[in-house]
Amino acid sequence: MTDKFFNNKIQSIKGFYDILPEATPLWFKLEDTVRKILAQYGYNNIRLPIVESTDLFVRSVGEHTDIVEKEMYAWEDKLNGDKLTLRPEGTAGCVRAVIENNLTYNGPVRLWYSGAMFRHENVQKGRQRQFHQIGVEAFGFDSPDVDAEQIVLLARFWAELGIKDVELQLNSIGEVEERAAYRKTLIAYFEKHMDVLDEDAKRRLHANPLRILDTKTPCMQAVCEAAPKLLDGLQANSRAHFEAVCGLLKQAGVPYKINPRLVRGLDYYNRTVFEWVTTKLGAQGTIAAGGRYDNLVTQLGGAATPACGFAIGLERVFLLMQEYGVTAHNAPDIYLVNVGELAEKQAFLAAETLRESGLKVILHAGAGSFKSQMKKADRSGARYAAILGDDEAAAGEMSLKPLLQAGEQIRCKLGDVEKYLTSSS
């Protein structure tokens, strides 16, 4: 019974994975870079719940989208019967928070959030069932400069991280009335090509025909490529808005490709939509995407409020950082070796003193010979081994031995260690 229990180890759920300590320094670099750039553009952080009402996503994302139909982790609360969902995306929850807390009462706001999202999808490289996003949303701005600002912000982000060969794809899907007229045109077009449509496309034909344009089915590519283009049917206001966005991107030196088949997978978008894509990750090539959603606040019960936003898929960006050789380290400055009765008594406080000066210090815990402690110091990745023996302890000193580069071992006062490490770095 006992043997069976210990041999039957519980493992992580498919699509839910651990981010191990060796990976977290690169994650820190990624997240810190995002925070720095968002602060430069005046975006403020908001912390949102992971669980929301299922109805929030049905009303915002769209009843006939893959997310709502197939991918959401939804359940009924056992205590009160509420229908709840693990958030599959962040925009809807952010809009709910803006309405509920009246965040635009004093004017437009720029917000960003981060955290785990959940979708029941086929697990692939760069696609997990629990994944992480950073979302950026601007509320109360109707002008095209905010659309362009968010796209340029992303261009700055890629440059800061050293990520290259990413392409900006851009489109406008117009307003509700323009899409309604286009929808009829598109249905009529696809009805002439029913023999080419797969079962998913046939099911969507009258419910959400724009989503057919985003198909990945090879045999449908040609017929979708030849389909009428929504851009051709835009009215003056939508066309002027899109042209202004394009003009600002040109002015900022950000190249783009107009992709008339880009419609995004969520129902709430209007006007500008965009994706940043790469060829380095196979099928999971979209690393950031977003657009304008001027009607969503009203749709969810708030006052009319124009809005624009995007999300960054952090797992995919992390893979790209590795692809381009971006590195990050979180190694300690010092591994504190202590040998001898007096040294062991003083080591704990010596480590605290070094930390007070801003150094990252690992204190060897537990007994061990000098040789075994030095082996652990080498494995720690620390820049220096700080050696505290009884002689050093009696003199208020320690010996510093370089571990990552050639150099002489030196002995100095405890209070001078930080100054020495700074001058030798």
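Analyst: Strands β14 and β15 (residues 397-402) run antiparallel and are joined by four bridges. Strands here are DSSP runs of E with at least two residues, helices are runs of H or I with at least four, and both are numbered from the N terminus; two strands pair if DSSP finds at least two bridges between them. The model is predicted, so local features need pLDDT of at least 70 and side-chain atom pairs count only at pLDDT 80 or more, while totals for chains, interfaces and linings use all residues. Residues are numbered from 1 along each chain as its sequence is written, and side-chain values use heavy atoms, with hydrogens and water left out.

Within this pairing, A385 has K401 of β15 as its bridge partner. β14 also pairs with β12 (residues 334-339), in parallel and through six bridges; there V337 stands opposite I387. Strands of a sheet pair through backbone hydrogen bonds, either parallel or antiparallel.

How many of the six residues of β14 are buried? Six of the six in β14 (residues 384-389) are buried, so the strand is largely enclosed by the rest of the structure. Buried means under 20% relative accessible area, exposed over 50%, and partly exposed in between, with a 1.4 Å probe and protein chains only. In a regular strand the side chains alternate between the two faces of the sheet. In β14, Y384, A386 and L388 point one way, A385, I387 and G389 point the other way, and all are buried.

Elsewhere, an open sheet of eight strands has mixed pairing and the order β1-β5-β6-β11-β10-β9-β7-β8. Its edge strands, β1 (44-45) and β8 (257-258), each pair on one side only. Inside that order, β5 (residues 109-118) and β6 (residues 130-139) run antiparallel with ten bridges between them, and L111 has E137 in β6 as its bridge partner.

Next, a helix and a cavity. Helix α6 has 18 residues and reaches 26 Å from its first C-alpha to its last, close to the 26 Å expected at 1.5 Å a residue; the expected span is 1.5 Å times one less than the number of residues. G162 follows α6 and has a positive phi, near 80 degrees. Among the buried residues of α6 are L153, L154 and F157. L153, L154 and F157 also line the second largest cavity, together with V34, I37, L38 and I312. A cavity is a set of points on a 1 Å grid over the protein atoms alone where a 1.4 Å probe fits but cannot get out, and lining residues have an atom within 4 Å of a point. The volume of this cavity is about 40 Å³, counted as the space filled by probe spheres set on points joined across faces, edges and corners. α2 (24-40) and α6 (144-161) each supply at least two residues of its lining. That lining has seven nonpolar residues, no polar and no charged; Ala, Val, Leu, Ile, Met, Phe, Trp, Tyr, Cys and Pro count as nonpolar, Asp, Glu, Lys and Arg as charged, and the others, Gly among them, as polar.

The structure holds three cavities of 30 Å³ or more. The largest has about 60 Å³ of space, and its lining includes Y182, E225, K229 and R261. Six residues of that lining are nonpolar, none polar and three charged.

Technical notes
On a 1 Å grid over the protein atoms alone, a cavity is a set of points where a 1.4 Å probe fits but cannot get out, and a pocket is an open set with protein on both sides within 12 Å along at least five of seven lines; lining residues have an atom within 4 Å of a point.
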